Amino acid sequence: MKIETIAIHAGNHVDESSKAVIQPIVLSTTFERAADGTYPGGHIYSRSSNPNRTLLENVLAKLEGGADAASFSSGNAAGMAVFQSLTPGTHIIAPDDMYHGLRNQLKTLFAGILTFDFIDVNNPETLQSHIRPETGLIWIETPSNPLLKITDIRKVVAIAKAKGIKVACDNTFATPICQQPLALGADLVMHSATKYFGGHSDLMGGALVTKENSDWWSKIRQVQGMGGAIPSPMDCYMLTRSIKTLPYRMRGHVHNAQLLAEFLEKHPKVEAVMYPGLPSHPQHAIAKEQMSAFGGMLSFTLKGGEAEARSVINGLKIFTRATSLGGVESLIEHRATVEGPDTKTPFNLLRVSVGLEHIDDLIADLEQALA
C-alpha cells in the first residue's frame, strides 16, 4: 500500500462486537481471563498492552517500514527507553547539536552509567576517531534541531556496521513522509509524536520503530512495559486519528516552508536561512538524495543580532511565540533562550515551525515584522 493508504487503514479495524467503523476507545485497565486462565482478547493489563495502543503501534511500524513499534508518553520517554536498554558502560556517539532535551538526559541522568561524546557526526574522520571498543550506539538527528543540519544516513551506517555498532535516528523533523531512515540502514527510528504525528499541539507522545525484532528490541519493549511511560488510550486514539491526515498535512507544511525559506533568503535583513530545500544549504545534495521532501521546519539568523531577532519575533501577529512544532498553526521561537546557558545556537537565530495558514499571509506577517 502507498503511504496515504497505510496512514488511514493500518491504525484501524472494524470493531467485531459493535461493527463500529472507527476503533472504539478502550479505557479499561484490566482484561478478563478465560476459564483456563488465558487471555482470549490478547490483553492482560493496560500498562503492557491496550487495543488502542496496539493499533497505534501498528500504523507507526508500517509508516516507517519497520518490524515493530513501541509508543511512549513523550518523545523524551522514548529516547530514555533507548538509553535504559543499553548495558552500563556503553559508549554513545551523538551529534554536537543533538536535541537539548535528550542531550541533557544523557548528561544529567546517565552520567556515570553510560559514556558519551557529542561530536560532528557528519565528519567521517571525526566519527571514526571517536569510536571505542565499548561504543554501542551512534545517535543521529536529521534534519537537526534547530540548525537543520543533514546527516548522510548511509555513510554513518556504513561506518557503524563495519564496527558492529547500532544506529538510531531521530526522525521527528522529517517524519516518515519525508524520510525513511530504516530503508537507509538505520536500526531504530525515534519520534516525538507530540509534533507532526499529533499535528494539532494538543497531545504528547513518543515512538520508537525497529528495523527487526532483535534482542535489543526485546530490551526496549521490556523498558516500555516495566517502566510504564506509556500513552493513555485516549492519546493513542487521538494520535491514530491524526496520523490519517499526516501525508496531506506534510505536503502543506513542506510547500509553505519552501516558499517561506525562499522569501527569507532574499530579504536584506536576513543573514542566513537554514532549510534543506534551498540549493544554498550545505547538505542540499544529501537531502535531495535521502529525503522525498524537505520538511516543514526552518531557522534563520538576522544581521542585526539578538536585538533584531527579538524585535522581529515580538512584531509578528500570525506566528505564535511558543516552543514545540508540527501543529497546523505557525510557531516561532528564540531557540537559544529555550536551550539554556550551554546552548550552541546563535542568539540571532529564530526557529520556525511553518504551519498550514495561507502562505501569502505568513509572508506578509514576516515582511511587516522585518520592516
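User: Are arginine 351 and glutamate 333 buried or exposed?

Analyst: Both arginine 351 and glutamate 333 are buried. Buried means under 20% relative accessible area, exposed means over 50%, and partly exposed lies in between (1.4 Å probe, protein chains only). This is a predicted model, in which local features need pLDDT of at least 70 and side-chain atom pairs count only at pLDDT 80 or more, while totals for chains, interfaces and linings use all residues. Residues are numbered from 1 along each chain as its sequence is written, and side-chain values use heavy atoms, with hydrogens and water left out.

User: What makes the contact between arginine 351 and glutamate 333 a salt bridge?

Analyst: A salt bridge is a side-chain nitrogen of Lys or Arg within 4 Å of a carboxyl oxygen of Asp or Glu. For arginine 351 and glutamate 333 the N to O distance is 3.0 Å, so the pair meets the definition. The pair links distant parts of the chain, 18 residues apart, with arginine 351 in strand E12 (residues 349–353) and glutamate 333 in strand E11 (residues 331–333). Helices (H or I, at least four residues) and strands (E, at least two) are DSSP runs, numbered from the N terminus.

User: How many salt bridges does the structure hold?

Analyst: The structure holds 17 salt bridges. One of them joins aspartate 68 and arginine 221, with the closest N and O atoms 3.2 Å apart. Aspartate 68 lies in strand E1 (residues 68–72) and arginine 221 in helix H8 (residues 215–227), so this pair ties together parts that are 153 residues apart in sequence. Another is formed by glutamate 134 and arginine 132, where the closest N and O atoms are 3.5 Å apart.

User: Why is arginine 221 called partly exposed?

Analyst: Arginine 221 has 23% relative accessibility, so it counts as partly exposed. Glutamate 134, at 36%, counts as partly exposed, and arginine 132, with a relative accessible area of 32%, is partly exposed too.

User: Why is alanine 81 called buried?

Analyst: Alanine 81 has a relative accessible area of 1%, so it is buried. Alanine 81 is found in helix H3. Not counting residues up to four places away in sequence, it touches Phe72, Leu208, Ile220 and Val223; contact means heavy atoms within 4.5 Å. The C-alpha atoms of alanine 81 and glutamine 224 are separated by 6.8 Å, although the two are 143 residues apart along the chain.

User: How do you know that phenylalanine 83 is buried?

Analyst: The relative accessible area of phenylalanine 83 is 1%, so it counts as buried. Phenylalanine 83 is also found in helix H3. Among the residues it touches are Leu102, Gln105 and Leu106.

User: Which residues of helix H4 are buried?

Analyst: In helix H4 (residues 100–109), His100, Gly101, Leu102, Arg103, Gln105 and Leu106 are buried. What covers them includes helix H3 (75–84), strand E2 (91–95) and strand E3 (115–119).

User: What makes E2 and E3 a pair of strands?

Analyst: Two strands pair if DSSP finds at least two bridges between them. Five bridges join E2 to E3, which run parallel, so the strands pair. Alanine 94 stands opposite phenylalanine 118 in E3.

User: What do E2, H4 and E3 make?

Analyst: E2, H4 and E3 make a right-handed β-α-β unit. A crossover is right-handed if, with the strands pointing away from the viewer, the path from the first strand over the helix to the second runs clockwise.
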